[in-house]
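Before reading on, take a moment to look over the sequence and the model together. The report below moves from strands to single residues and then to a helix.

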Amino acid sequence: MDAKSAKAKLEAAKHKLGRDVRVFETSIVSQTQIDASKNDDDEDDMYEFTPADYYRVLGPKKQDNVLKTRKIREAEEAARRSRITKAVIRIRFPDNHTLEVTFHPSETIQLLFDFLKNVLARPELPFYLYTTPPKKLIKDMAQDFYSAGFAPGAIVYFSQDLPKDDNGVHESGPFLQEEIFSLKGLDLIAEQVEPVQPSPESSEPAVKIPLAAVKEQKAADKKPIKPKWLRM
């Protein structure tokens, strides 16, 4: 598929779903980075944070909050919130695929669950979303994305409440509808720049010589003239 067709298909999906949507395979590198961050958190536990350290860090912040009035704090919070215009949510599925959907920070988490029910292959099955680490279920549907800390973006994980098979393993997808899954990788194709074909008339473009080079050439062509005091 060429870049033009990929863009057209993404635009059609956006028009139908009402949101920007991307589907891609979850990178092994990103998972490695998550594991590394977990290891870093474990190493941080080795350092003891004393009460003196706590008051030293908190002291200046506490004084700043005391000096600021309530209206000033509310104005600063409103300014920070106004600068964030998108909440890009990435839902990671157990089959190593990620669905990316864009919301407005003021929209509620309930809209995320409603959206998933429209794109899941088996929406009748119960499911839940959670964040990690540590694992925390997303339960407050009335909370907006900004208040939940999901703006400008967040990664959440998808899981279904399915019975395990004889081997003790849950069913492994596909989790998305075929129409949605067909969007996989189209954003990368759409971003490709098509090469510009030169016209036959301009196959041998004229080479422009800088003006400075022309002046230097004229100066070199001039014959040297002896000063008057050297003439006999």
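This is a predicted model: local features need pLDDT of at least 70, side-chain atom pairs count only at pLDDT 80 or more; totals for chains, interfaces and linings use all residues.

In strand β6, Gln160 is the bridge partner of Phe127. Strand β4 and strand β6 run antiparallel and are joined by 4 bridges, whereas strand β2, made of residues 87-92, pairs with β6 in the parallel sense over 5 bridges. Within β6, the residue that stands opposite Arg92 is Tyr157. Strand β6 covers residues 153-160, and because 6 of its 8 residues are buried, the strand is largely enclosed by the rest of the structure.

| Residue | Strand | Relative accessible area |
|---|---|---|
| Thr131 | β4 (residues 127-131) | 19% |
| His97 | β3 (residues 97-103) | 11% |

Thr131 counts as buried because its relative accessible area, 19%, falls under the cut-off of 20%. Leaving out residues up to four places away in sequence, Thr131 touches Lys136, Ile138, Phe150, Ile155 and Val156. One of these, Ile155, is 24 residues from Thr131 in sequence, yet the two C-alpha atoms are 7.1 Å apart in space.

Which residues does the side chain of His97 reach through polar atoms? It reaches the backbone oxygen of Asp95 at 3.1 Å, and it also makes a polar contact with the side chain of Lys184 at 3.0 Å. When neighbours within four places in sequence are set aside, the residues in contact with His97 include Phe24, Glu25, Ile91, Phe181 and Lys184.

The buried residues of α1 are Ala3, Ala6, Leu10 and Ala13. Because they cover an arc of only 90 degrees around the axis, they are placed on the same side of α1. Among what covers the buried residues of α1 are β1 (21-25) and α7 (186-190), while the face turned away from the buried side carries the exposed residues Lys4, His15 and Lys16. After α1 comes Gly18, whose phi is positive, near 80 degrees.

Technical notes
Residues are numbered from 1 along each chain as its sequence is written. Side-chain values use heavy atoms; hydrogens and water are left out. Helices (H or I, at least four residues) and strands (E, at least two) are DSSP runs, numbered from the N terminus. Buried means under 20% relative accessible area, exposed over 50%, partly exposed in between (1.4 Å probe, protein chains only). Contact means heavy atoms within 4.5 Å. A polar contact is a pair of N or O atoms within 3.5 Å; within protein, one must be able to donate a hydrogen and the other to accept it, and residues adjacent in sequence count only if both atoms are side-chain atoms. The arc is that of the directions from the helix axis to the C-beta atoms. Two strands pair if DSSP finds at least two bridges between them.
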